[in-house]
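Subject: Handover of a structure and summary of findings

Dear colleague,

Please find below the structure that I am passing on to you.

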Amino acid sequence: MPRYIHLREIASTNSYLSKVASTLPTGTVIYTYHQTAGRGQKGNSWESEPEKNLSFSSLFKGLPVSPAHQFAICEAVSVAIAEVLAEETDGIKIKWPNDIYHHDGKLCGILIEHSLMDCAIAHTIVGVGVNVNQTRFVSDAPNPVSLAGITGREYDLDTMLHRVCERIEAKCARLGDAEAEAGIHRQYQNMLYRNDTLLHTYELPNGERFRASVSDVLPDGTLCLSTQDGTVRQFKFKEVKHVINDITL
């Protein structure tokens, strides 16, 4: 079971946990309901109204995953969170590589950071922000949504925290078993945003846009997109972006 440490207010749970990870046991969860400078992918900030959302970081030590196969951790975490949120509403998808979406709205952000030692993963910090009860967003984020905004219901944050953290721990406990990892990979693909054979718009770092459909996600996290002429193009993280309602995300 996770070991929870509550902080009344903190700039970033990931930053805090990274400083003290060596002193804490695996399974430790640092959480706050008032995060003032949450970090997202690519240096983005994460808006979170105090006492409304989940902001936490989980520490895992000794996961039986090699650095070359680290995307398996991303898949396990993404699927675990998506499963819990899908119990509350339909339309839950995983936007490659690890955002959780409700239709075209961003419901949850995940930031996974690894510490390497002797060509192995010494520990992993899984940072998660879930929009739960916040219904008004004031940042320039283009597409935030929350559970309360979707369902019209208020949620108990402690209960939701425990549900999500326990599901993450249970899913990560299956890593290292080839059959279990293959099952998680299939779940990830089945829940993937835009995994519908339709053509959607994507953008390259140079601004070039093209239309394609998702054909596959390889075990190392490579996204495979099939273009209009049938060519399959492969992309690593940060090499391609989704374009949603003419906004690059």
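A cavity is taken here as a set of grid points where a 1.4 Å probe fits but cannot get out, and its volume is the space filled by probe spheres set on those points. Please note that the model is predicted.

The cavity

By this rule there is one cavity of 30 Å³ or more. The largest cavity holds about 40 Å³ of space. Its lining consists of Pro2, Gly27, Thr28, Val29, Ser58, Leu59, Phe60, Cys165 and Glu169. The elements that contribute two or more residues to this lining are β2 (28-32), β5 (54-61) and α4 (157-172). Of the elements, β5 gives the most, with three residues. Sorted by class, the lining has five nonpolar, three polar and one charged residues.

Is Ser58 buried or exposed? Ser58 counts as buried, because its relative accessibility is 4% and the cut-off for buried is under 20%. Leaving aside residues up to four places away in sequence, Ser58 touches Leu17, Thr28, Val29, Thr124, Ile125, Val126 and Cys165.

The seven-stranded sheet

Seven strands form an open sheet with mixed pairing, in the order β1-β2-β5-β9-β8-β7-β6. Its edge strands are β1 (3-6) and β6 (92-95), each of which pairs on one side only. On average, neighbouring strands of this sheet are turned by 20° against each other, direction ignored.

Within the sheet, strand β7 (residues 99-102) and strand β8 (residues 105-117) run antiparallel and are joined by three bridges. Ile100 has Cys108 in β8 as its bridge partner.

Helix α2 (residues 71-86) lies across β6, β7, β8 and β9 (120-130), and runs at about 150° to β8. Ala72 is found in this helix. With a relative accessibility of 6%, Ala72 counts as buried, because the limit for that class is under 20%. Which residues does Ala72 touch, not counting residues up to four places away in sequence? They are Leu175 and Glu181. Ala72 and Glu181 are 109 residues apart along the chain, and their C-alpha atoms are separated by 7.1 Å.

Strand β10 pairs with strand β11 (residues 209-217) in the antiparallel sense, over four bridges. Here the bridge partner of His200 in β11 is Ala212. The hairpin of β10 and β11 has five residues between the strands, and in this hairpin Gly207 takes a positive phi near 95°.

Strand β10 is also joined to strand β14 (residues 241-244) by two bridges, and these strands run antiparallel. In β14, His242 is the bridge partner of Tyr202.

With kind regards

Technical notes: Residues are numbered from 1 along each chain as its sequence is written. This is a predicted model: local features need pLDDT of at least 70, side-chain atom pairs count only at pLDDT 80 or more; totals for chains, interfaces and linings use all residues. Side-chain values use heavy atoms; hydrogens and water are left out. Two strands pair if DSSP finds at least two bridges between them. Axes are lines fitted to C-alpha atoms, for helices over the stretch in contact, and angles run from 0 to 180 degrees between N-to-C directions. Contact means heavy atoms within 4.5 Å. On a 1 Å grid over the protein atoms alone, a cavity is a set of points where a 1.4 Å probe fits but cannot get out, and a pocket is an open set with protein on both sides within 12 Å along at least five of seven lines; lining residues have an atom within 4 Å of a point. Ala, Val, Leu, Ile, Met, Phe, Trp, Tyr, Cys and Pro count as nonpolar, Asp, Glu, Lys and Arg as charged, and the others, Gly among them, as polar. Buried means under 20% relative accessible area, exposed over 50%, partly exposed in between (1.4 Å probe, protein chains only).
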